[in-house]
Structure formats: C-alpha cells, structure tokens
Amino acid sequence: MPTKSRVPSRKGTPVSVARSVPQPDDAGSPAEFLSLLRRLQQWSGLSLPELEERVWSTGVLIPAGLAGLLGGEVLPRREVLLSFVTACGLVPEEREKWMAAHARVGSAYAPPITASPAENLPPPAAPVPGSTTSGPNPVADTGPNPILATGPRRTLATGPNPIVDGSANAKGGTDAGTGPE
C-alpha cells in the first residue's frame with residue numbers, strides 16, 4: 001500500500017514521495033523475514049528507541065530489545081510481531097499479511113519431531129528385591145500438594161508453637177515438654 005511521506009532531498013528540503021509498505025509474502029526463511037522487518041522499521045520512519053517505547057507501552061517485553069530481535073536469527077513470538085507491526089503504523093489488513101507470513105515461515109522452519117515423548121523416556125525402574133512396598137508408588141502418590149492446597153492451614157511440626165502459643169521463654173527457646181499452661 002503506497003503512502004506519502006516527507007523525506008529530505010539532496011538539498012535537505014523535505015519532498016513528498018510515495019513509498020510502499022514492505023510485503024512479507026516473499027519471505028521464505030526466518031532470515032528473509034527478519035530482513036523484511038528491518039525494512040519495515042525503516043519504512044516507519046521511527047527509530048528503534050521510539051518503536052521499543054511503543055511496543056513496551058502495549059505490555060510486550062522483548063528481552064534483547066528490538067536491536068537484538070532485528071539483528072538476530074530467530075523469528076519473534078506472535079505477540080511481539082503484532083505489537084511491532086502495529087507500532088510501525090500498519091493498518092489491520094497489512095498486519096494480517098505479516099501474521100500469516102510469520103505462521104507460514106515459522107511452520108516451514110519448525111524442528112521436526114522425531115519421536116513421541118514416551119519414546120524418549122528411560123524404562124521404568126525395576127522393583128528392589130525384598131521390597132515390601134506394594135500398591136501405588138509411595139513417591140508419586142503423595143496426595144495433594146501442600147503448597148497449592150486450600151483450606152485450613154496445617155503445620156508439619158508437633159508440639160507447641162512458641163510464636164503462636166506464646167510459650168517462648170526469655171532466651172528465645174521453648175519450655176520443652178511443659179506444653180500449654
């Protein structure tokens with residue numbers, strides 16, 4: 001989609017020229033896609049700090065920053081791409097083209113899955129001879145996760161709680177064996 005923008009001429013006077021939005025349709029690899037993203041950034045006329053500020057204002061964070069993203073070799077996440085092309089000023093129809101190209105290039109270069117996860121696991125351990133354990137695995141079947149459990153709070157320690165009961169003595173210890181008074 002051609003747009004008009006004012007760019008400086010050789011004499012420094014701004015001149016209106018038609019520029020077309022870089023199209024992602026030609027991207028066949030992640031490297032080509034990233035090259036087109038760099039062209040899109042140039043097309044926008046915004047500096048990297050200006051674009052980063054716009055992207056961050058949408059709540060999307062890029063750990064290596066836009067310079068790292070655009071200079072890298074890995075496709076950005078979908079939400080990063082959407083925020084970036086929006087910050088560059090693309091209209092919804094153009095954003096959809098970029099998202100479709102991202103999906104196409106990303107799926108073409110996804111690493112192949114060679115085995116199912118179950119095939120990558122080691123065989124189960126054999127039972128220990130003479131073991132009296134029977135029934136469910138005592139390690140795996142531990143019941144509800146106490147950290148995630150809801151309901152009344154339970155403590156693992158037995159005996160009086162010096163902080164709750166007030167049974168701490170003056171030296172910071174407890175009166176062991178005396179119990180609550």
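K97 and E94 both lie in helix α5 (residues 92-108), 3 residues apart, which is about one turn of the helix. Helices here are DSSP runs of H or I with at least four residues, numbered from the N terminus. The model is predicted: local features need pLDDT of at least 70 and side-chain atom pairs count only at pLDDT 80 or more, while totals for chains, interfaces and linings use all residues. Residues are numbered from 1 along each chain as its sequence is written, and side-chain values use heavy atoms, leaving out hydrogens and water.

A salt bridge is a side-chain nitrogen of Lys or Arg within 4 Å of a carboxyl oxygen of Asp or Glu. By this rule there are 2 salt bridges, listed below.

| Salt bridge | N to O distance |
|---|---|
| K97 and E94 | 3.3 Å |
| R77 and E79 | 2.6 Å |

Relative accessible area (1.4 Å probe, protein chains only) defines buried as under 20%, exposed as over 50% and partly exposed as in between. E94 is buried at 5%, whereas K97 is partly exposed at 34%. In the other pair, E79 is partly exposed at 41%, and R77 is partly exposed at 42%.

Helix α1 (residues 30-44) packs with helix α4 (residues 78-87) at an angle of about 30°, their axes being 10 Å apart. Axes are lines fitted to C-alpha atoms, for helices over the stretch in contact, and angles run from 0 to 180 degrees between N-to-C directions. Angles under 35 degrees count as roughly parallel; α1 and α4 are therefore roughly parallel to each other. In their contact (heavy atoms within 4.5 Å), F33, L37, L40 and Q41 of α1 meet L81, F84 and V85 of α4.

Definitions and conventions: Helices (H or I, at least four residues) and strands (E, at least two) are DSSP runs, numbered from the N terminus. Angles under 35 degrees count as roughly parallel, over 145 as roughly antiparallel, 65 to 115 as roughly perpendicular and the rest as oblique.
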